[in-house]
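I wanted to look up a few things in one model and jot them down as I went.

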Amino acid sequence: MMRPARLAVLVALAVGASLPACRSATRREPPRRDAEARAHTPSPASPATPDTPPAPDTPAPPAAAPPAPPAPAADDAAWREVFPHVRVHIARREVEFDGVVPIDPHNPQTPRIFLEALACTADTKEHESLVMTRARPSHVHAALLLVGLQPGAPGRWDWTGDTIRAIPPTGPRVRVEVHVARDGRDVAEPLASWAVSARTGESLVSHDAGHGLVFAGSQMITRAGDSVYRADAEGCIVGLTTFGGETIAWTAMHHHDTAVEDPAWIADPARLPPFGSPVRVRITPAD
């Protein structure tokens with residue numbers, strides 16, 4: 001469990017960011033890595049402007065008025081960006097962060113991508129995660145404090161002699177949905193529904209019926225003499241297998257060591273959007 005002093009630091013960061021000086025959220029596509037850039041299709045170039053000006057006795061056509069920007073939706077106006085790539089909707093007690101799909105199960109050469117996390121940060125577990133984000137886990141933690149949630153504790157494995165005992169994570173239940181464009185519409189789907197059993201094809205949600213995600217809150221650890229937020233160091237924002245440092249943890253315990261448990265979960269190619277697709281991950285209290 002995170003020490004009270006460290007929680008106080010995160011609260012201070014969150015409260016400071018939520019003052020009126022904070023800027024309104026702007027939907028931004030997170031920076032693409034090289035592989036993601038290959039998945040992006042550039043927009044067609046604008047037609048070239050003729051070099052020859054109109055004849056002096058021919059009046060130039062009036063300049064077209066620029067299109068009016070769309071009026072912001074009431075929902076968008078209520079979102080506030082409190083950290084880079086992290087937004088909060090105080091009235092609805094929701095937190096949202098930007099991400100992309102970092103894997104490609106549609107590629108015939110990589111049809112079975114085993115998972116250890118549901119959402120992670122860049123340069124950590126993106127080869128085995130459904131979503132990759134540039135948001136920092138500690139910032140997501142602070143945003144969840146802003147909407148009134150208090151963390152529990154991550155799950156852990158207790159070895160006693162030759163036996164291993166699972167100690168599940170605790171904390172308030174949360175819904176984690178991923179917003180993605182499908183057929184030109186913004187669609188919200190449970191992030192966990194994109195993971196399926198490698199053996200049976202059954203979804204994680206139905207296989208682990210009764211389980212879900214909790215705000216576990218990671219923990220503070222010491223590395224190279226410095227105290228750091230473990231999920232910032234390891235990259236796991238929304239966990240699947242239990243490492244013990246997840247900000248948001250899956251309550252059914254699945255071990256990451258193949259000597260203890262065979263890899264079980266893969267990305268569902270029928271549901272996962274194309275590689276490089278931008279998404280928004282939204283976290284809401286479940287109770």
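Which strand gives the most to the lining of the largest pocket? I found strand β8 (residues 173-182), with 5 residues. Before going on, I noted that this is a predicted model, where local features need pLDDT of at least 70, side-chain atom pairs count only at pLDDT 80 or more, and totals for chains, interfaces and linings use all residues. Residues are numbered from 1 along each chain as its sequence is written, and side-chain values use heavy atoms, with hydrogens and water left out.

**Pocket.** I read a volume of about 220 Å³ for the largest pocket. Of its 15 lining residues, the closest to the centre are Val174, Arg175, Gly212, Leu213 and Trp250. I also sorted the lining by class: 9 nonpolar, 2 polar and 4 charged residues. My classes: Ala, Val, Leu, Ile, Met, Phe, Trp, Tyr, Cys and Pro count as nonpolar, Asp, Glu, Lys and Arg as charged, and the others, Gly among them, as polar. A pocket here is an open set of points on a 1 Å grid over the protein atoms alone, where a 1.4 Å probe fits, with protein on both sides within 12 Å along at least five of seven lines; lining residues have an atom within 4 Å of a point. Grid points are joined across faces, edges and corners, and the volume is the space filled by probe spheres set on the points.

**Overall.** I counted 6 helices and 17 strands; these are DSSP runs numbered from the N terminus, helices being H or I with at least four residues and strands E with at least two. Of the 287 residues, 45% count as buried (under 20% relative accessible area, with a 1.4 Å probe and protein chains only).

**Helix α4.** How many residues of helix α4 are buried? The answer is 9 of its 10, over residues 137-146. Among them I listed Pro137, His139, His141 and Leu145. After α4 comes Gly148, with a positive phi near 95 degrees.

**Cysteines.** I looked for disulfides (pairs of cysteine sulfur atoms within 2.5 Å) and the structure holds 0. Cys120 is in none, and its nearest cysteine sulfur, that of Cys236, is 7.5 Å away.

Key. Buried means under 20% relative accessible area, exposed over 50%, partly exposed in between (1.4 Å probe, protein chains only).
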